Amino acid sequence: MIRAIRFAACLGFSIHPETWKAVKRNAPLIEKVSKERVQQELTRILLESPRPGDAVDALSEAGLLAVILPEVEGMKGQDQPPEFHPEGDVYTHTIMMLNAMSDRSLRLAYAVMLHDIGKPGTARNVGGRIRFDNHDRFGSHMTESVMKRLRFPSDDVKAVSYCVANHMRFMDVKRMR
């Protein structure tokens, strides 16, 4: 089922309506597929698709994302301050970021996909403003769990978790000497 979406995303075709219905109907069965196989197909989507965000969104539409990456699916509907994120919720931001990647690597792709994974769990309203205090550290722990669940080598788990934990430092790059 993931491979069907990968082929469509990478080769630029649409999935036949009957096949799409079958994928949606059988999406919960993806749980029976080995985590290593899921990870391989997902990695190929992120690295080979011209628009990996759109492919991840197709996984969501099919009902597969909720099974293989419920943490990413859980970003849907999490509002963000519009002055910083006029594009909308955390999920939409993530899909846009995935589509904006140019020079891709496995670690970069997963760091981009998971960089704001901690926002829903840390969201709070302070004085009428949405805050995500420590979402980077919280998200780093979630990332480690996700990467281990997908059976990544420990070096990749550490590297991607480190990127997620430190992604907020880039806000200050322009002010650094």
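Me: What does His 115 touch, leaving out residues up to four places away in sequence?
Reply: His 115 touches His 93, Thr 94, Met 97, His 135, Val 164 and His 167. This is a predicted model. The touching rests on heavy atoms within 4.5 Å.

Me: Which polar contact does the side chain of His 115 make with another side chain?
Reply: The partner is the side chain of Asp 116, at 3.2 Å. The cut-off is 3.5 Å between N or O atoms. A polar atom of the His 115 side chain also lies 2.6 Å from the backbone oxygen of Val 112.

Me: How far is His 115 from Ala 165, in sequence and in space?
Reply: They are 50 residues apart in sequence. Their C-alpha atoms are 8.0 Å apart in space.

Me: Which residues of α8 are buried?
Reply: They are Ala 109, Tyr 110, Ala 111, Val 112, Met 113 and Leu 114. Their cover includes α3, α4, α6 (70–73), α7, α10 and α11.

Me: What makes a set of residues here a nonpolar core, and how many residues has the largest one?
Reply: The members must be buried, be of the listed nonpolar kinds, and be joined through side-chain atoms within 4.5 Å. The largest such core has 41 residues. Those with the most contacts inside it are Leu 59, Leu 64, Leu 69, Tyr 110 and Met 113. Elements giving two or more residues include α3 (35–48), α8 (106–114) and α11 (154–166). The largest share, six residues, comes from α8.

Me: What does Tyr 110 contact, beyond its neighbours within four places in sequence?
Reply: Tyr 110 is in contact with Gln 39, Leu 42, Thr 43, Leu 46, Met 147, Leu 150, Phe 152 and Val 160.

Me: What makes the pairing of Asp 156 with Arg 107 a polar contact?
Reply: The two side chains meet at 2.8 Å. A polar contact needs N or O atoms within 3.5 Å. Asp 156 also touches Leu 106 and Met 147.

Me: Why are Cys 10 and Cys 163 given the class they have?
Reply: Cys 10 has a relative accessible area of 23%. Cys 163 comes to 37%. Buried is under 20% and exposed is over 50%. Cys 10 is therefore partly exposed, and so is Cys 163.

Me: How many disulfides are counted?
Reply: The count is zero. The rule asks for two cysteine sulfur atoms within 2.5 Å.

Me: How many helices and strands does the protein have?
Reply: It has eleven helices and two strands. From the N terminus on, the order is α-α-α-α-α-α-α-α-α-β-β-α-α.

Me: How do you know how compact the protein is?
Reply: Its radius of gyration is 16 Å. The globule rule gives 16 Å for 177 residues. The C-alpha atoms fill a box of roughly 50 × 35 × 30 Å along the principal axes.

Me: What share of the residues counts as buried?
Reply: Of the 177 residues, 42% count as buried. The accessible surface comes to about 9700 Å², and 55% of that belongs to carbon and sulfur atoms.

Conventions: Residues numbered from 1 in each chain as written. Predicted model: local features only at pLDDT ≥ 70, side-chain atom pairs only at ≥ 80, totals over all residues. Heavy atoms only, no water. Buried < 20%, exposed > 50% of the residue type's maximum accessible area, 1.4 Å probe, protein only. Helix = DSSP H or I, 4+ residues; strand = E, 2+ residues; numbered from the N terminus. Rg over C-alpha atoms; globule rule 2.2 N^0.38 Å. Areas by Shrake-Rupley, 256 points an atom, 1.4 Å probe, with all protein chains shown as cover. Polar contact = N/O pair within 3.5 Å; in protein donor to acceptor, adjacent residues only side chain to side chain.
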